[in-house]
Amino acid sequence: MLYFLLSQLASDIVLFNVVNYLTFRTGAGLITAFVVAIIIGKPFIGWLRTKGSQPIRDDGPENHVLTKAGTPTMGGFIILIGILAGTLLWADLSNPYIWVVMLVTAGFGAIGFLDDWRKVTKRSSAGISGKMKLALQSIVALVAVFWMTELLSSAPNVPDGFATSIAVPFFKDVLIPLSYGFFLFGLIVIVGASNAVNITDGLDGLAIVPVMIAAGSFGFIAYFVGSAVYSNYLFLNFTPGTGELAVICGTIIGAGLGFLWYNAPPAMVFMGDTGSLSLGGALGTIAVAVKHEIVLAIIGGLFVLEALSVMIQVASFKLTGKRVFRMAPIHHHFEKMGWAEPTIVIRFWIIAVVLALIGLSTLKLR
């Protein structure tokens, strides 16, 4: 909204011409989201405390019952409001990709909020059923994939079949055509990313910083692939209109920083499914929009590792009756080994940075 108003004045007042620069609006969105998250964070946490807290799982690490009991959840709502404010003010709302990503972010956030609310009101660590949660996520994701595929198919200067193909990183022109199978693939990427972030959200600050790192990385990717000039120079597949998604990536970083202010150890609030499902869904949707789904698995490798640790643990126990890890997800394994929580969190952050650098290298190494 603010972008639209200021852009109308740009022809008369030269100073306002700065809003036409995507980089400026990305930075403005970041700052706006941060300020909004900081402002609403404290009163919202105070309100959450009056509603009670989510019970800590009995099968979790023993120290969690002592150190984390009583901490309110649903803090992801702070992030969502920050993202919404920054995006509505500074993004070009005539760009349909903005609305696709916001659909998934808000939709998954609503699913997560329902899950968190049931946990709090019923004083139970079990919210809505896993099957129901997965079904709702799949519906929202499928709508988003159809929408994005149609947008890219109808865009000018886009090769036939590109919208339903997978781009392979480190290669210039290698595409894997999936045809109608791409809809299932896109759904798996979005829903998988959402639940992988949800699994990672188990220690104070563990999930939000890798999310911000991934959002920053995809902000660069969106900026480059959405530009005909830069995509041609870097031998990337041009995806018209997706450059605007850099603004949403900026708001994710800003809102994440504002949330981290309250989530830093010892956490005053947990993001809960409200935050983790929506943030993971947003990253997955952006990756599908810019045709860098495989790169998401690299940049978000930490989330992949966390999800795989759960799948390996479950499969091993069902097949052999033995556990591969002392406890899954893998961050709990290191807790059981005696690592301090801050040690695990910071080392996982380091891993996230390294993986992001590897993922960004795919933009040039072709």
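**View 1. Helices α5 and α11 meet in a right-handed crossing.** The model shown here is predicted, so local features need pLDDT of at least 70 and side-chain atom pairs count only at pLDDT 80 or more, while totals for chains, interfaces and linings use all residues. Residues are numbered from 1 along each chain as its sequence is written, and side-chain values use heavy atoms, with hydrogens and water left out. Helix α11 covers residues 272-289, and the axes of α5 and α11 run 7 Å apart at an angle of about 155°. Axes are lines fitted to C-alpha atoms, for helices over the stretch in contact, with angles from 0 to 180 degrees between N-to-C directions. The two helices, α5 and α11, are therefore roughly antiparallel (over 145 degrees; under 35 is roughly parallel, 65 to 115 roughly perpendicular, the rest oblique). In a right-handed crossing the near helix is turned clockwise from the far one by less than a right angle; anticlockwise makes it left-handed. The contact of α5 with α11 brings together 11 nonpolar, 8 polar and 4 charged residues (nonpolar: Ala, Val, Leu, Ile, Met, Phe, Trp, Tyr, Cys and Pro; charged: Asp, Glu, Lys and Arg; polar: the others, Gly among them). Helices (H or I, at least four residues) and strands (E, at least two) are DSSP runs, numbered from the N terminus.

**View 2. An aromatic cluster takes in Phe44, Trp47, Phe77, Phe113 and Trp117.** Rings of Phe, Tyr and Trp (its six-membered ring) pair if their centres lie within 6.5 Å; planes under 30 degrees apart are stacked, over 60 edge-to-face and the rest tilted. By this rule there are 14 aromatic pairs. Look for Phe77 and Phe113, a tilted pair with 6.3 Å from centre to centre and 50° between the planes. This pair links distant parts of the chain, since Phe77 belongs to helix α4 (residues 76-90) and Phe113 to helix α5 (residues 96-121), 36 residues apart. Phe77 is partly exposed at 32% relative accessibility, and Phe113 is also partly exposed, at 29%. Phe113 has a pair with Trp117 too: the centres are 6.1 Å apart and the planes are at 10°, so this pair is stacked. Both Phe113 and Trp117 sit in α5, 4 residues apart, about one turn of the helix. Trp117, with a relative accessible area of 30%, is partly exposed. Here buried means under 20% relative accessible area, exposed over 50%, and partly exposed in between (1.4 Å probe, protein chains only).

**View 3. Two cis peptide bonds to look for are Pro265 to Pro266 and Ala328 to Pro329.** Most peptide bonds are trans, and most residues other than glycine have a negative phi. Omega is about -10° between Pro265 and Pro266, and Pro266 belongs to the loop between α10 (245-263) and α11. Between Ala328 and Pro329, omega is about 0°. The loop holding Pro329 lies between α13 (301-320) and α14 (330-336).

**View 4. Met74 and Asn157 have a positive phi without being glycines.** For Met74, phi is near 70°. You will find Met74 in the loop between α3 (62-67) and α4, where its relative accessible area of 1% makes it buried. Asn157 has a phi of about 60° and is in the loop between α6 (130-153) and β1 (165-167). With a relative accessible area of 71%, Asn157 is exposed.

**View 5. Ile39 and Ile78 are 39 residues apart along the chain, with 9.5 Å between their C-alpha atoms.** Ile39 is part of helix α2 (residues 22-51). A relative accessible area of 58% makes Ile39 exposed.

**View 6. Ala228 and Pro240 are 7.7 Å apart in space, C-alpha to C-alpha.** Along the sequence, Ala228 and Pro240 are 12 residues apart. Ala228 lies in helix α9 (residues 228-233) and, at 46% relative accessibility, is partly exposed.
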